[in-house]
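Take a look at the model below. The text then walks through it, from confidence to helix packing.

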Amino acid sequence: MKKTHIIFLIAIAVLIVALIVFSAGDFSTYESISSAKKKQGTFVHLIAKLDKTEPIEYDAIKNPNYLSFYAVDSLGGKTKVIFRNSKPTDLEKSERIVMKGKMEADHFECKDILLKCPSKYKDDKKQLEKTITNQQDSAY
Amino acid sequence: MQFEGEHLLPGQIGHFFVLLAFVASIISTISFFTAGKKTDLNEKNSWLRYARIAFTTQLISALIIFATIYYICAHHYFEYMYVYKHASLELEPKYLLACIWEGQEGSFLLWAIWHSLLGIIIMLKAKDWEAPVMTVISLAQCFLLVMLVGIYVGDVRLGSNPFTLTRNEITGPIFSQPNYLTFIKDGVGLNVLLRNYWMVIHPPILFLGFASTIIPFGYAYAGLQTKRYGDWITPALPWALLSACVLGTGIMMGGKWAYESLSFGGYWAWDPVENASLVPWLILIAGLHTMVIYKATGHSLKASYLFSFLTFIFVLYSTFLTRTGILGDTSVHAFTDAGQAINVMILLFVAAFALPSLGLFIANLKKMPSLQKEESTNSREFWMFIGSLVLFLTSVFIIAKTSVPVYNKIFGTHIAQPENVEFSYNKVVILVAIIIGLLSAIAQYFKYKNTSSAYILKKIAVPTLIAAVITALLAFIYPLTYYKMGAGFLGAAYVALFASIYSVIANAAYIWTGLNGKLKSAGGSVAHLGFALMLVGILISSSNKEVISDSRANGIHLPISGKDPMTKESDNPQENLTLIRQVPVNMGPYEVTYLKDSFGNEKGRRFYELLFQKKDKVTKQVKEQFTLWPDVYIMKDNNMSSNPDTKSYLGKDVFTYISYAINNKNQEEDTTQFKISELGEGDTAYYSNGIIILNKVVKNPDNGKYHFKPTDAALMADVTLVSKDSMHYKGMPAIQVDEFGVNQIDDTVYAQNLYLKFAGVTDNHKIKLGVKESDKLIEYITLKAYVFPYINLVWLGLVIMAIGIIMSAVKRAKLSTFYAAVALIVAGAGLFYMFLLAN
């Protein structure tokens with residue numbers, strides 16, 4: 001075998017090892033609220049919705065780094081969420097929330113929030129229909 | 001029904017040219033392919049003539065389509081879906097171009113136009129190689145243009161026509177009226193995040209980068225098709241260099257854009273969309289080096305083929321990742337799902353280029369000439385090859401991680417991103433930075449074929465020593481402070497810092513000692529120097545990035561004990577700081593005052609004036625001051641978008657953006673009186689924006705706010721406010737009786753502009769709660785601020801790298817000195833202005 005072949009094989013072996021060693025424990029999973037509750041303290045991704053029947057607590061003057069609200073998912077799970085950061089401005093209007101964090105005793109300790117808002121889905125036809133109907137309403 | 005006020009002609013013209021372009025691209029593909037197969041010169045030339053006419057036709061058609069879209073956008077013809085979706089009346093003219101490439105269709109069109117223009121140059125210059133290379137380009141054109149065709153084959157719509165009418169695309173009651181257009185007052189308009197001058201520049205450059213990678217691919221295919229296995233490298237190399245320069249610049253423009261106008265807090269976030277464009281670039285760079293090796297020594301031909309093919313295949317794969325919506329939740333700025341038909345077509349596009357090219361490659365592997373003699377470990381080609389391999393494996397690592405949503409889709413798994421996405425990449429990439437830094441420092445001191453070890457040691461001794469001394473000095477004077485990932489990573493960061501400084505020094509030295517100052521041949525060294533400088537900048541700016549808006553250190557609402565009463569924690573990152581208007585707050589080395597806010601040109605845009613002052617500690621004299629205007633954009637649907645503002649110094653940037661703001665309007669004198677309600681525990685009172693609940697009355701409270709002793713005579717009302725938008729607020733007014741009399745401690749709920757007073761106690765165990773609603777609003781904003789040190793090294797490094805690559809390209813393409821000088825000066829000045837001056 002040529003030296004380059006040996007190097008190539010070694011390099012690929014190193015890459016595979018690197019991928020496994022560095023990344024094996026390095027992935028988290030998408031969970032529902034109830035399955036996340038079974039995995040207390042594990043870093044997970046939750047896909048949920050804002051529970052509009054419960055209060056949102058945020059007072060930037062008292063503490064700009066404390067937000068709490070309730071989230072529900074499509075399977076009926078519900079949890080309190082605490083996000084120690086500023087309130088994402090579109091939270092109330094979001095249709096879906098992807099939250100990254102850990103479930104703790106009585107709440108979901110959220111590290112990061114990704115909002116899916118209707119406006120960001122410009123290609124969503126339903127949204128466009130709504131917009132265009134609203135324009136008509138405001139014209140009358 | 002006859003609809004009123006529609007302008008249907010431009011759409012009909014546009015769609016005609018879409019169809020014409022598509023058909024022409026099919027004809028040109030077939031003709032170029034046939035021309036490439038013919039050996040008879042007459043036949044070949046007549047096929048070539050057809051092909052050229054067809055290709056030129058599709059270029060002209062594509063330009064007309066582009067002009068037509070521009071025309072309908074500029075005239076706000078909202079009867080067209082594309083205009084309704086992407087344009088709006090208030091949009092400034094400079095963003096009209098951006099409207100075109102905001103959408104799927106427009107960006108495919110842009111890509112197709114670049115392919116066509118590059119194709120014209122190939123037709124003029126490529127001679128023997130024209131037919132096979134153009135076959136590849138024309139085939140790509142077929143796939144790009146079919147995305148715009150929008151005709152039905154059975155029930156499936158092929159592509160989406162940019163000239164469809166709004167009334168045909170969406171249903172609504174207004175479309176049953178002939179005068180429906182009078183109801184459509186305005187379009188949805190360009191996404192606010194995209195209203196930035198980078199949106200005008202970045203996509204065309206990036207797409208030129210993507211488009212140009214097809215040329216090395218085409219040449220590699222030509223090499224296999226003509227069986228002239230090694231000859232294609234010489235003409236392909238300048239193209240590969242051009243592509244590396246444009247794509248690299250395009251990617252970093254995206255980074256600069258993200259840094260300047262998005263609230264990411266940085267220029268690189270390992271977002272899938274960023275990765276998808278970085279991966280082809282890394283493979284391209286790997287391929288560039290193997291091509292250089294082949295030209296000099298005859299080694300690495302197979303690798304050159306593979307890398308040239310994979311570069312474009314990964315451009316297509318990244319299109320698949322970012323355009324089909326498969327990334328979904330993992331990316332902030334991928335295109336959204338465009339419908340099944342488009343997804344299938346993009347997948348076919350990837351397959352149509354990946355399978356035949358790799359198949360041909362494997363079929364021809366045995367026939368390719370290869371040297372039996374091995375590379376010596378003391379040769380330049382050996383180390384260059386190792387470097388290419390490392391770059392290639394890095395790209396495999398990145399794309400493997402980025403493709404997780406694809407595995408989830410295929411295997412039905414639920415794997416998500418790790419807790420710290422950036423670190424999961426950084427810990428691998430930092431090792432790559434070390435290897436690439438060292439290799440790019442040392443490799444060129446080796447000569448091709450063989451070099452004596454004594455020669456190498458003699459040449460690199462001085463640069464090594466200088467780099468070691470500089471790194472040691474830096475560690476001492478300006479240490480890296482990236483502690484949060486542990487000592488191991490910090491150590492790796494230091495080694496990487498040494499490696500990249502080493503590379504800067506060694507490449508600079510090589511220009512003089514190795515090339516005797518012959519700048520014409522120094523392209524490689526200059527490019528490496530720039531790349532290494534970029535690495536230095538990346539290492540320093542990311543490890544010494546500092547949050548100065550830390551509310552633990554300088555918040556206006558400091559917790560009394562060590563732990564925050566609300567969050568019950570003291571060690572979490574509290575990076576937001578609230579500023580009340582006109583109240584100076586200390587932030588890092590600055591005293592910051594939120595002075596006022598004002599409206600910008602666009603409706604709904606509000607700028608906040610922040611005065612930063614640096615004062616002398618002793619004399620309190622202002623040593624330095626500047627004003628930043630971060631802004632918040634309230635869109636039509638009331639969503640907000642926050643755009644940062646940055647103060648740039650030579651050595652650092654102060655970067656700030658608004659993380660939370662409410663709209664305040666009134667600013668009159670406060671004349672309201674307290675309104676007294678009598679409440680028992682559990683009773684409710686009303687205020688204008690909601691209700692006030694008295695939870696309980698606490699005697700001598702000892703909590704985060706008050707610290708009464710059991711011997712005091714104090715009462716606190718524990719009050720919850722529930723506003724109409726169902727936000728909850730706590731209020732804790734108190735009353736204390738001591739030897740000096742009655743002492744009322746009012747509480748304020750700023751967010752509701754409410755003052756609460758514990759006014760007294762009634763006989764029937766109720767309390768008197770005073771509520772004052774102020775119309776003098778308290779104006780505040782919450783912001784984040786960072787200091788990025790030495791970020792200019794990143795941009796400077798990039799510009800130097802781009803210039804170096806152009807120098808190489810110019811030399812490899814054997815351009816005349818005049819053209820070379822023009823190309824260099826224009827590109828260099830343009831980049832320098834864009835990245836370092838315009839801000």
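Residues are numbered from 1 along each chain as its sequence is written, while chains are lettered from A and ligands numbered from 1 in the order in which they are written.

Start with chain A. Its average pLDDT (the predictor's confidence in each residue, from 0 to 100) is 76. At least 70 is reached by 75% of its residues. Residues 119-123 of chain A stay under 50. Where pLDDT is low, the predicted coordinates should not be read in detail.

Now turn to chain B. Its C-alpha atoms fill a box of roughly 115 × 85 × 50 Å along the principal axes. Of its 839 residues, 48% are buried (20 or more other C-beta atoms within 10 Å of the residue's own, with C-beta atoms placed from the backbone).

How is chain B divided into domains? The assignment, from an automatic or database source, gives domain 1 (1-195), domain 2 (205-368), domain 3 (551-664 + 781-787) and domain 4 (675-778). The C-alpha centres of domain 2 and domain 4 of chain B lie 65 Å apart.

The axes of α2 (residues 41-74) and α6 (residues 130-149) of chain B come within 12 Å and cross at roughly 35° (lines fitted to C-alpha atoms over the stretch in contact, with angles from 0 to 180 degrees between N-to-C directions).

Key:
This is a predicted model: local features need pLDDT of at least 70, side-chain atom pairs count only at pLDDT 80 or more; totals for chains, interfaces and linings use all residues. Two residues are in contact if their C-beta atoms, placed from the backbone, lie within 7 Å. A residue is buried if 20 or more other C-beta atoms lie within 10 Å of its own, exposed if 12 or fewer, and partly exposed in between; C-beta atoms are placed from the backbone. Helices (H or I, at least four residues) and strands (E, at least two) are DSSP runs, numbered from the N terminus.
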